[in-house]
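Hi everyone, thanks for coming. Please have a look at the structure on the screen, and then we'll walk through it together.

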Amino acid sequence: MNDAERDPDAASDVASDVPSEADPDAALLARVARAEPAAVRALVARKLPRLLALATRMLGDRMEAEDIAQEAFVRIWKHAPRWREGEARFDTWLHRVALNLCYDRLRASRDEPVDELPDSVDPGPLPDARLEAHARDANVRAALAALPARQREAIVLQYYQELSNLDAAAVMGITVEALESLLSRARRNLRASLAAAPASMPASPAQPAAPHLPNTRPRTSDDT
Amino acid sequence: MTPDRFRAIVDAYGADARHWPAGERAAALAWADAHQDEAHALLRASAQLDAWLATDAPPQPDAALTRRIIASAPAWAPAPRGLVSRGVAARSPRARVWWSGAALIGAGLAGVLAGAFVVSFALLAGGPPHGTTPATASDAPSLATSFDGTTADWSGE
């Protein structure tokens with residue numbers, strides 16, 4: 001049995017994921033279970049960008065990430081009629097499914113020798129600004145790819161997917177303390193990559209922490 | 001909130017307080033307010049890393065991928081009206097199948113009965129006129145079948 005076929009809800013045993021409020025996806029999922037076309041379109045619009053971002057950052061390959069997203073939606077269609085609110089958040093379950101699919105791919109690609117470099121599309125000449133952005137993206141992606149898989153998973157879930165610490169720990173099947181340890185190590189490694197790629201650093205403001213404290217206060221959800 | 005815990009939070013979650021643990025956010029912000037120099041030094045390094053990570057734009061799904069995924073969803077099959085109530089059809093897909101099967105069987109039986117009636121009517125209409133009805137089926141060759149008894153006993157041959 002591969003990872004993706006294991007019960008994603010098992011992660012809840014480690015970090016409690018009992019939602020304190022109604023699952024925001026529950027009503028839509030109930031309509032998807034009835035195969036309502038509008039609900040299907042709405043769920044795809046809501047979840048596909050997140051799934052694609054997650055898989056792309058975990059695998060570093062857009063095409064493979066698209067395969068993961070498609071497979072994850074097949075799981076959604078299959079499980080939607082049996083979904084029961086209150087056990088785990090749908091978004092948490094979906095992240096676990098997608099990550100299991102990613103790990104299946106990572107294991108398979110590790111086992112298969114790479115005969116040739118994958119085809120890449122020649123982007124043609126790019127304006128300077130786009131070249132710089134392209135280089136920054138490539139540097140960040142390379143730094144993420146260089147992380148050990150569990151550290152990458154932690155930073156992708158917490159920073160990019162913006163899961164709470166409880167949700168991220170639940171998805172990973174670990175305690176919050178273990179999550180914080182992985183995050184700290186990931187950020188330390190990323191900082192080393194950042195130091196090695198000074199050209200890709202964003203322009204450093206004169207007061208970099210100014211937006212984060214009073215007069216220099218850190219941003220909170222109330223700020224948005 | 002201790003200095004060590006504030007440092008641990010920033011080390012793990014970065015400089016953006018929206019990413020900090022919800023249960024500790026207020027206390028951490030209060031500590032940062034009260035110890036601005038210390039907090040500033042810790043946040044400065046993390047903010048730089050956050051800004052660098054933020055330069056990685058998330059990939060956007062294209063229309064073809066979206067279409068493929070929508071097409072992979074189960075087809076919507078509204079309950080047939082007039083044959084079965086929406087409630088029954090919505091509750092149980094098996095009930096829909098049962099009702100569909102019953103309808104097919106009913107239609108089949110109706111067809112068989114109608115066919116038998118038409119054949120019988122045609123045969124009777126093509127028979128001899130009233131008053132000359134033969135006494136036995138063997139006297140009316142048009143009504144005889146291979147399962148009918150025959151009066152010919154071939155005894156003369």
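This is a predicted model: local features need pLDDT of at least 70, side-chain atom pairs count only at pLDDT 80 or more; totals for chains, interfaces and linings use all residues.

Residues are numbered from 1 along each chain as its sequence is written, and chains are lettered from A and ligands numbered from 1 in the order in which they are written.

Staying with chain B, 15% of its 157 residues count as buried. Buried means 20 or more other C-beta atoms within 10 Å of the residue's own, exposed means 12 or fewer, and partly exposed is in between, with C-beta atoms placed from the backbone.

Now, how do the two chains meet? In chain A, 47 residues are in contact with 44 residues of chain B; contact means C-beta atoms, placed from the backbone, within 7 Å. On the chain A side, α2(A) gives the largest share, nine residues. That side divides into 24 nonpolar, 11 polar and 12 charged residues. Here Ala, Val, Leu, Ile, Met, Phe, Trp, Tyr, Cys and Pro count as nonpolar, Asp, Glu, Lys and Arg as charged, and the others, Gly among them, as polar.

Next, the largest nonpolar core, which has 69 residues. Such a core is a set of buried Ala, Val, Leu, Ile, Met, Phe, Trp, Tyr and Cys residues joined through C-beta atoms within 7 Å. Helix α2 (residues 37-59) of chain A supplies its largest share, 12 residues. A:Ala69 is among the residues with the most contacts inside the core, and its partners include A:Leu48, A:Ala55 and, from the other chain, B:Ile69.

How do α6(A) and α8(A) pack? Their axes lie 8 Å apart, at an angle of about 95 degrees. Axes are lines fitted to C-alpha atoms, for helices over the stretch in contact, and angles run from 0 to 180 degrees between N-to-C directions. So α6(A) is roughly perpendicular to α8(A), a label for angles of 65 to 115 degrees.

Last stop: is A:Pro24 buried or exposed? A:Pro24 is exposed, because 12 other C-beta atoms lie within 10 Å.

Technical notes:
Helices (H or I, at least four residues) and strands (E, at least two) are DSSP runs, numbered from the N terminus. Two residues are in contact if their C-beta atoms, placed from the backbone, lie within 7 Å. Angles under 35 degrees count as roughly parallel, over 145 as roughly antiparallel, 65 to 115 as roughly perpendicular and the rest as oblique. Lists of a residue's contacts leave out its neighbours within four places in sequence.
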